[in-house]
Amino acid sequence: MKKIALVGSTGSIGRQVIDVVRRNADKFKLVALVARGSAKLFSEQLQNVKPEFAALTDGGAAQGLGEIPAETTFFTGDDGALMAIEECGADVAVVACGGFAGLGYSLKAIELGLPLALANKETLVCGGELVMPAVKEIMPVDSEHSAIWQCLGFNRSARFERLVITASGGAFRGRKWESLSDVTAAEALAHPTWNMGAKITVDSATLLNKGFEVIEAHHLFNAPYVKIATVIHPQSIVHSMVQFKDGATLAQLSYPTMELPIQLALTYPGRCDCSLRQLDFAQALSLGFQPLIRKDYPLYDLALSCGEAGGVLPTALNAASEIAVNEFLCGRIGYTDIFKVAETVVSATANGRVESYGQLSEIDARSREAALRACKIIK
């Protein structure tokens with residue numbers, strides 16, 4: 001029985017982690033649940049899961065919780081969340097929350113010597129230089145990185161010639177960047193193949209998310225940026241590919257779902273039934289690939305330039321994008337203004353080597369403030 005600490009239980013990935021555990025109750029047990037808010041849903045999860053430890057970081061949201069199960073020790077606040085992870089005796093930590101806070105949870109799991117099932121982009125985008133030298137074991141949960149991991153035989157040190165990450169192209173695939181200034185939040189959130197949270201869905205439209213995935217792949221697989229490519233694949237069936245020196249290419253294919261990479265991160269090298277519909281190659285199946293027209297995705301280019309520069313610039317970009325996307329979703333700036341804000345903040349950030357979580361926290365806070373000022377100027 002593998003004991004799991006789950007951070008981000010009320011988010012899209014977190015809810016699917018709970019489904020995977022419920023489906024494999026003979027193999028897994030959730031011993032800690034951590035979330036930021038969503039008190040009603042979190043209360044329901046506590047009643048259904050009855051973990052030994054739980055925490056809500058938003059103290060105000062915690063006031064709205066119903067009765068806490070007698071067997072659950074409950075904490076509030078950021079320190080309380082870290083305490084829940086520390087005291088629960090987990091065998092693996094699943095970090096599935098969104099945002100920069102995920103890096104802190106990942107570092108706590110590493111400090112405790114726990115294997116890390118990672119579904120938080122900021123952990124590697126912002127803190128890859130801190131995480132990779134220290135982590136005991138890391139299992140990628142993002143479908144693209146899980147696909148690469150599988151193609152490498154679960155060996156992140158295996159040799160390869162090139163990693164090919166696929167992208168659906170998001171809601172505005174095929175449209176020119178300059179034609180998108182008046183698009184609405186509802187249009188940007190209409191992802192053609194995946195059902196995700198609002199921030200990541202907008203990032204999938206701008207392809208900032210794909211740029212972040214390239215940075216993650218660089219850290220996860222020790223891959224030079226020149227050996228990582230991105231192609232548009234509208235069907236979202238090929239999740240990524242690995243090319244080898246002899247000309248062979250291996251790909252991982254499945255219908256779009258996050259439950260497969262979530263479950264595999266917990267069961268590898270074994271595989272269990274995931275209740276996922278099998279691809280039927282006896283039926284007509286079309287798989288298309290298109291080159292990525294980079295001038296139509298300037299945020300992708302900005303992410304790559306920050307990744308290649310390294311240091312604190314990816315943290316500045318991540319923070320600025322979170323503010324800019326939120327301002328767009330609230331109708332206070334336009335869609336193409338997201339790039340203007342992010343570029344303004346990155347350009348004003350003095351780069352330097354990554355030294356500590358505290359240093360990155362300061363960069364994160366300063367970049368958010370700078371992004372808010374940039375948004376006000378645009379308005």
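Grid points are joined across faces, edges and corners, and a volume is the space filled by probe spheres set on the points. The model is predicted, and I kept local features at pLDDT of at least 70 and side-chain atom pairs at pLDDT 80 or more, while totals for chains, interfaces and linings use all residues. Residues are numbered from 1 along each chain as its sequence is written, and side-chain values use heavy atoms, with hydrogens and water left out.

**Entry 1. Cavities and a pocket**

By this rule I counted three cavities of 30 Å³ or more. The largest cavity holds about 50 Å³ of space. I listed its lining, meaning residues with an atom within 4 Å of a point. The lining of the largest cavity consists of L118, A119, N120, L124, P140, V141, D142, H145, E216 and L220.

I then turned to pockets, each an open set of points with protein on both sides within 12 Å along at least five of seven lines. The second largest pocket has a volume of about 380 Å³. Among the 18 residues that line the second largest pocket, L260, R271, C274, L276 and Q278 are the closest to its centre. Two elements give two or more residues to this lining, β11 (249-253) and α12 (259-267). Helix α12 gives the most, with four residues. I took helices (H or I, at least four residues) and strands (E, at least two) as DSSP runs, numbered from the N terminus.

**Entry 2. Cysteines**

I searched the whole structure for disulfides, defined as pairs of cysteine sulfur atoms within 2.5 Å, and found zero. C126 is in no disulfide, and its nearest cysteine sulfur, that of C306, is 10 Å away. C126 is buried at a relative accessible area of 2%. Here buried means under 20% relative accessible area, exposed means over 50%, and partly exposed lies in between (1.4 Å probe, protein chains only).

**Entry 3. Nonpolar core**

I defined a nonpolar core as a set of buried Ala, Val, Leu, Ile, Met, Phe, Trp, Tyr and Cys residues joined through side-chain atoms within 4.5 Å. The largest such core has 124 residues, of which L163, F221, L317 and Y335 touch the most other members. Helix α14 (residues 313-329) supplies the largest share of this core, eight residues. I next listed contacts, meaning heavy atoms within 4.5 Å. Leaving aside neighbours within four places in sequence, L317 is in contact with L208, F212, L302, A303, C306, A342 and V346.

**Entry 4. K210**

Is K210 buried or exposed? K210 is buried, with a relative accessible area of 7%, and its place is in helix α11 (residues 208-220). I looked for a polar contact, which is a pair of N or O atoms within 3.5 Å; within protein, one must be able to donate a hydrogen and the other to accept it, and residues adjacent in sequence count only if both atoms are side-chain atoms. The side chain of K210 makes such a contact with the side chain of E144, at 3.0 Å. Beyond four places in sequence, K210 is in contact with E144, I165, T166, A167, T230 and Y300.

**Entry 5. Backbone geometry**

Most residues other than glycine have a negative phi, and most peptide bonds are trans. I noted the peptide bond from Y268 to P269, which is cis with omega near 5°. P269 lies in the loop between α12 and β12 (290-291).

S38 has a positive phi, near 50°, and is not a glycine. S38 is in the loop between β2 (28-35) and α2 (39-49), and is partly exposed at 46% relative accessibility. L207 also has a positive phi, about 70°. L207 sits in the loop between α10 (198-206) and α11 and is buried at 1%.

**Entry 6. M139**

M139 lies in strand β7 (residues 138-140) and is buried, with a relative accessible area of 4%. Not counting residues up to four places away in sequence, M139 touches V92, P115, L116, A117, L118, W149, A265 and Y268.

Definitions and conventions. 1 Å grid on protein atoms, 1.4 Å probe; cavity = no way out; pocket = protein on both sides within 12 Å on 5 of 7 lines; lining within 4 Å.
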